[in-house]
Amino acid sequence: MQFKEVLLPDGRNFDFWEKETVYSSVLYVSQNDPKASDDNDGTEGAPFKTIQAAADKAVAGTHIIIGPGEYHECVSPKAGGNGPDSMICYEAANPGTVIIKASEVVTDFSLSEDWRRWNPAYPEDKKNYNMKIWSHSLDPDMFRGYNPFCAVNIIHDRLFIEYDKTDMTPYLNRRGMIFCDGKPLQQVPLYSGMSDIEGSYWVEANGQTVHFRLPGDEDPKDHKIEITVREQCFAPKIPYLSYIKVKGLVCAHAAMGAPVPQRGAISAYRGHHWIIEDCTVDWSNAVAIDVGNECWHHNIDFDRVAGYSIIRRCHIKDAGVCGIAGLFAKNMLVEDNLIEGTGWQKMELSWEAAGLKFHGSENALIRRNVFRNTYRCDCIWLDVANVNNRITQNLFLDGVEQREAIFIECTREGINLIDNNIFWNIEGRFNEKDIPDEPGSSGWYKNVEDSIINGYGVYGEGTDRMQLVNNFFGKIRAYAYYAKPVAFRLMPGDRGGTSRDAKLLNNIIYNCGVGAVCFPTKDNSSEGNAYIHQVNGGDLRIMYPEPEVCLDLKAWREFYGFDITGCEGWFDFDVDTDRLTLEIRKSDSLPPSFGPLPEGRYIYNVDDMNSVEGDKRITEDLNGISRKTGAVLPGPFNELIFDKVYNIDPRNL
């Protein structure tokens with residue numbers, strides 16, 4: 001296999017380790033074949049009925065081809081491959097037609113009785129006496145040692161929870177889920193809660209019976225009702241199995257608890273050199289895919305290989321807490337994935353919530369992914385001691401109640417490069433009730449940052465030497481880039497993080513709400529950035545030492561020497577987050593001003609944007625078009641033209 005060279009932040013090439021496996025044996029699984037049986041030999045004419053039967057017989061160099069069907073099992077490989085050219089492959093004969101579900105269909109229902117439907121204080125005129133609530137008694141034979149309706153979401157590691165800051169309801173909800181026609185019902189903590197919410201369910205104390213109410217108070221016999229019964233869909237029981245490929249499978253309804261441990265619907269279970277590609281992971285209760293050491297409570301042998309895995313062209317939908325999780329995983333390749341709807345459990349203060357969450361990541365290449373509609377969690381979170389990672393050609397779109405799109409924390413050695421990405425519509429996460437009412441001009445003179453308003457494109461916390469190059473930031477609630485030191489976050493023998501030596505080069509920053517850039521100190525650099533449609537006067541900020549300074553571009557240049565080749569502009573961008581397109585157009589308004597604008601302060605035509613010195617590590621733009629050497633435009637495109645609709649889906653490459 002040939003791969004185009006890609007440079008990591010330190011200038012070395014990323015290690016593409018893949019080779020083509022010439023398989024020595026083939027096993028067939030075909031659930032719907034009338035001849036299928038697990039007593040067969042797995043030939044095409046006598047296929048197995050379950051995937052597990054093939055997994056029990058697979059050895060290095062085995063290609064398992066799986067026919068269409070809905071497989072209600074958790075596949076547990078018994079062996080791994082011997083190297084990049086001798087893997088074991090689990091592949092759908094037709095991608096997307098093999099559905100492994102951690103749920104079972106149930107059909108036995110009765111009307112729920114003898115439970116109080118309303119709180120005694122519930123108004124009489126609000127009581128719905130026609131409401132239909134149903135019950136189902138769980139069959140113990142379905143669960144085989146694991147009943148997610150008996151266990152709450154949060155597992156044993158709960159010492160980090162800040163109880164005064166978080167609603168504990170989702171943490172204490174049961175792990176079990178109920179689906180109606182493929183859509184989940186909403187769990188409520190009390191039986192009476194179903195009176196307020198159609199499409200909801202409640203679990204009895206002993207986890208043996210569930211009660212539910214369908215949308216429209218419909219009869220469950222007219223619908224497909226599924227309940228989760230298994231923790232995972234594809235996961236070895238033996239740790240460290242490696243050189244396994246999973247291709248084209250759909251894994252749904254896994255009912256694991258909240259991390260840690262990180263246990264995904266698809267799990268490498270501490271193995272290395274996995275390839276997970278063309279898969280769909282749908283409605284995991286907590287984690288979609290895990291590829292690292294799983295848990296810091298294990299004995300960790302740092303001489304053992306961890307990571308070196310590939311997640312490619314997958315669609316990760318509606319993971320409750322985390323889409324992709326990896327602890328101490330190195331040399332990871334995550335490319336061409338769509339990761340959306342992550343975080344619906346509202347467990348961001350579990351500190352494991354993100355579309356992608358790696359700890360101690362080194363030499364990772366995260367490219368050409370689309371993160372969309374991430375809910376109350378980060379798109380990417382690199383946590384503690386992350387070195388030489390490159391995040392490039394990604395889209396970070398519509399962060400719902402999201403504090404930041406990318407969070408890199410407690411990282412003091414090496415460089416991490418964020419380049420050629422688009423950040424759009426990061427709402428911020430805050431409580432409107434906490435925002436003080438400041439009438440008149442009382443709020444105009446406040447420079448000091450507070451914890452009430454947030455919303456960042458990239459947030460560095462105790463992270464040195466971060467580099468942001470040729471990105472586009474638009475409609476960010478607070479700042480495109482915000483950082484602060486964390487003096488107290490010490491690892492054994494190490495200093496705290498200073499958030500110094502960040503480099504912001506050649507970015508476009510458009511219409512960010514509080515400001516564009518907020519450095520903790522002047523010991524950073526900013527050059528070649530274009531500040532477009534920024535309406536606040538002090539968009540460029542340095543917080544320490546006191547007094548804090550809030551500057552315009554002229555003062556930014558004069559007193560700190562920043563952005564000598566930067567510019568200010570006044571035109572508009574629009575991103576269609578469904579169609580994945582971007583358009584630039586002339587603005588219908590003029591910049592705000594108390595008097596005549598200084599001549600030449602703003603550019604009004606995109607053609608007048610300054611060319612800037614390019615970064616030699618960045619050889620392509622967002623769309624994969626070769627970058628010129630020398631002078632380039634700010635932002636992730638080689639060209640910018642008014643009224644042209646740009647396709648920004650990087651997966652089309």
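A: The answers below concern a predicted model.

Q: In what order do the four strands of the open sheet stand?
A: The order is E6-E14-E9-E10, and the pairing is antiparallel.

Q: Which strands stand at the edges?
A: Strand E6 (103-106) and strand E10 (183-184) do; each has a single partner strand, so one side of each is left without a neighbour in the sheet.

Q: And how many bridges join E9 to E14?
A: Three bridges join strand E9 (residues 178-180) to strand E14 (residues 225-228). Ile-178 stands opposite Ile-227 in E14.

Q: Changing topic: where does Ser-195 lie?
A: Ser-195 is in the loop between strand E11 (186-187) and strand E12 (200-203).

Q: Is Ser-195 buried or exposed?
A: Ser-195 counts as buried because its relative accessibility is 11%, which is under the 20% cut-off.

Q: What does its side chain reach?
A: The side chain of Ser-195 reaches the backbone oxygen of Ser-192 at 2.6 Å. Leaving aside residues up to four places away in sequence, Ser-195 touches Arg-117, Trp-118, Tyr-122, Met-131 and Arg-213.

Q: Now the aromatics: how many pairs does a search of the whole structure find?
A: The search finds 36 aromatic pairs. One of them, Phe-423 with Phe-473, is stacked, at 4.5 Å centre to centre with 15 degrees between the planes.

Q: Which strands hold Phe-423 and Phe-473?
A: Phe-423 is in strand E34 (residues 422-426) and Phe-473 in strand E37 (residues 472-476), 50 residues apart. Phe-423 is buried at 0% relative accessible area, and Phe-473 is buried at 1% relative accessibility.

Q: What lies over the face of Phe-407?
A: Arg-403 does, at 4.8 Å from the ring centre. Phe-407 also belongs to an aromatic cluster with Trp-381, Tyr-456, Tyr-459, Tyr-479 and Tyr-482.

How values were computed
Residues numbered from 1 in each chain as written. Predicted model: local features only at pLDDT ≥ 70, side-chain atom pairs only at ≥ 80, totals over all residues. Heavy atoms only, no water. Pairing = 2+ DSSP bridges. Helix = DSSP H or I, 4+ residues; strand = E, 2+ residues; numbered from the N terminus. Buried < 20%, exposed > 50% of the residue type's maximum accessible area, 1.4 Å probe, protein only. Polar contact = N/O pair within 3.5 Å; in protein donor to acceptor, adjacent residues only side chain to side chain. Contact = heavy atoms within 4.5 Å. Phe/Tyr/Trp six-rings, centres within 6.5 Å; stacked < 30°, edge-to-face > 60°. Lys NZ or Arg CZ within 6 Å of the ring centre and 35° of its normal.
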